[in-house]
Amino acid sequence: MQQVKGWHVGAALVAIFFVSLNLRPSVTSIGPLLNTITDELNISNTQVSLLTSIPVFCMGLFAPLAVPFQKKLGYKWAVNLLVMAIGVGTLARILFSNYIALILTSFIVGFAIAIISPIINAFIKERFAHKIEPVVGLYSLAMGAGATISAGLTGVLFAQFHSWQIALGVWGILAIPALIFWTMAAGRKEQRISKAQEEESSRNPWKNKTAWVILLYFGLQTSVFFSLMTWLSPIAQEQGFTLITAGSVLTTMSIVQIIGNLFIPLLINKFPNRVMWLYILLTIGIVGAGVLFIPANWALWVAAVVLGVALSGLFPIGLMLPLDEAKNNAEASSWSSMVLSGGFMMSAIVPLLIGVVYDLTGTHIVSKWIIVGLFSLMFVAVYLYQQHKKHV
């Protein structure tokens with residue numbers, strides 16, 4: 001494993017942060033304006049759900065391209081081209097205000113995010129092999145920060161400019177500092193693995209039972225994340241909250257999550273029992289999901305805080321598990337690609353399902369039960385992982 005030294009450490013960390021900051025706003029900015037976009041474009045809740053489901057589905061569908069993409073272009077140009085695609089695709093929403101254009105930009109952004117995520121995971125494995133937990137924590141922190149900023153300020157921007165196009169498209173500006181810092185950090189010569197070494201030492205994750213269990217867990221936890229980022233604000237609005245206040249509920253959950261993204265990986269580094277942490281966080285999560293059923297305004301704020309704590313650890317552990325299993329850089333990339341591919345494709349279905357159910361029922365009661373069900377299934381996935389590790 002190649003390690004970074006001197007100023008390269010700081011440069012690499014800053015670059016990871018700013019690139020990761022771009023991986024959520026184009027998706028999570030949709031949630032606070034779901035009702036607004038639905039009304040102005042005269043579309044159904046199912047149709048508007050596609051604006052978040054399509055990029056998430058793309059994150060899964062195209063993740064396997066990360067390995068050949070990185071091999072062909074290297075870290076520097078692979079990530080730079082993909083960040084540019086995210087920036088241009090997001091900024092394009094300012095100019096085009098019809099539903100088809102939103103679908104197209106969602107596809108472009110999802111395609112780019114799909115390939116970047118495993119590349120960043122492999123980059124961390126290669127250059128921070130002995131400090132994976134805190135660096136993954138920084139990676140998760142940046143994604144959480146991007147989600148939080150966009151979820152919290154999109155409604156404010158809409159109120160300021162009276163334009164949902166500007167409120168959605170402005171997040172493309174985040175690509176500019178990411179391009180600058182990544183070019184500086186990833187410009188040095190990369191470690192290469194020969195084809196013979198790769199074929200000899202790398203295991204195929206698609207034929208490995210542990211990889212499939214990790215994929216199941218990752219898919220369930222990302223399903224919870226994107227469902228809450230998409231529908232927590234509308235759930236609050238259904239309960240009588242204004243657009244701005246409902247966005248604040250979502251922002252509260254996101255702020256708690258990014259604080260946890262910083263501290264929980266550090267605690268995991270000190271107490272590295274992944275399974276123990278997963279059981280603790282899942283218990284917290286299912287309590288938070290249960291609080292959503294309490295018909296009081298204070299309950300939504302409490303649920304946002306509790307769910308934020310759970311999500312803050314579930315995602316970074318999901319990124320760590322394939323890196324824990326990987327024996328070399330090639331496996332870090334291929335295992336991460338598989339887990340993110342299958343996991344994101346799973347999580348694309350649930351927010352769309354919630355939209356369909358809401359169209360049919362006119363209430364978010366079933367949506368809340370879906371969240372509880374996802375946490376319950378994660379307990380099963382973690383148990384299977386624990387049992388499999390005992391026999392390996």
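Where is the place of Thr 36? Thr 36 sits in helix 3, which covers residues 34-41. This model is predicted.

Thr 36 has a relative accessible area of 14%. Buried means under 20%, so Thr 36 counts as buried. Leaving aside residues up to four places away in sequence, Thr 36 touches Phe 158 and Leu 243.

Glu 126 belongs to helix 6, residues 99-127. Glu 126 is buried too, with a relative accessible area of 2%. The side chain of Glu 126 makes a polar contact of 3.2 Å with the side chain of Tyr 75. Pro 295 is another matter. Along the chain, Glu 126 and Pro 295 are 169 residues apart. Their C-alpha atoms are separated by 49 Å.

**A nonpolar patch**

Now turn to the surface. Eight names make up a nonpolar patch there: Leu 91, Ile 94, Leu 95, Phe 96, Ile 173, Ile 176, Ile 180 and Met 184. Together they have about 770 Å² of accessible area. Which helices each supply at least two residues of the patch? They are helix 5 (66-95) and helix 9 (175-185).

Met 184 is one of the patch residues, and it lies in helix 9. Is Met 184 buried, exposed or partly exposed? Its relative accessible area is 47%, so Met 184 is partly exposed: the value falls between the 20% and 50% cut-offs.

| Residue | Relative accessible area | Class |
|---|---|---|
| Thr 36 | 14% | buried |
| Glu 126 | 2% | buried |
| Met 184 | 47% | partly exposed |

How values were computed. Residues are numbered from 1 along each chain as its sequence is written. This is a predicted model: local features need pLDDT of at least 70, side-chain atom pairs count only at pLDDT 80 or more; totals for chains, interfaces and linings use all residues. Side-chain values use heavy atoms; hydrogens and water are left out. Patches are made of residues with over 30% relative accessible area and no salt bridge: like charges are joined within 9 Å, nonpolar side chains (Val, Leu, Ile, Met, Phe, Trp, Tyr) within 5 Å. Accessible areas come from the Shrake-Rupley method with a 1.4 Å probe; for residues, only the protein chains shown count as cover. A salt bridge is a side-chain nitrogen of Lys or Arg within 4 Å of a carboxyl oxygen of Asp or Glu. Helices (H or I, at least four residues) and strands (E, at least two) are DSSP runs, numbered from the N terminus. Buried means under 20% relative accessible area, exposed over 50%, partly exposed in between (1.4 Å probe, protein chains only). Contact means heavy atoms within 4.5 Å. A polar contact is a pair of N or O atoms within 3.5 Å; within protein, one must be able to donate a hydrogen and the other to accept it, and residues adjacent in sequence count only if both atoms are side-chain atoms.
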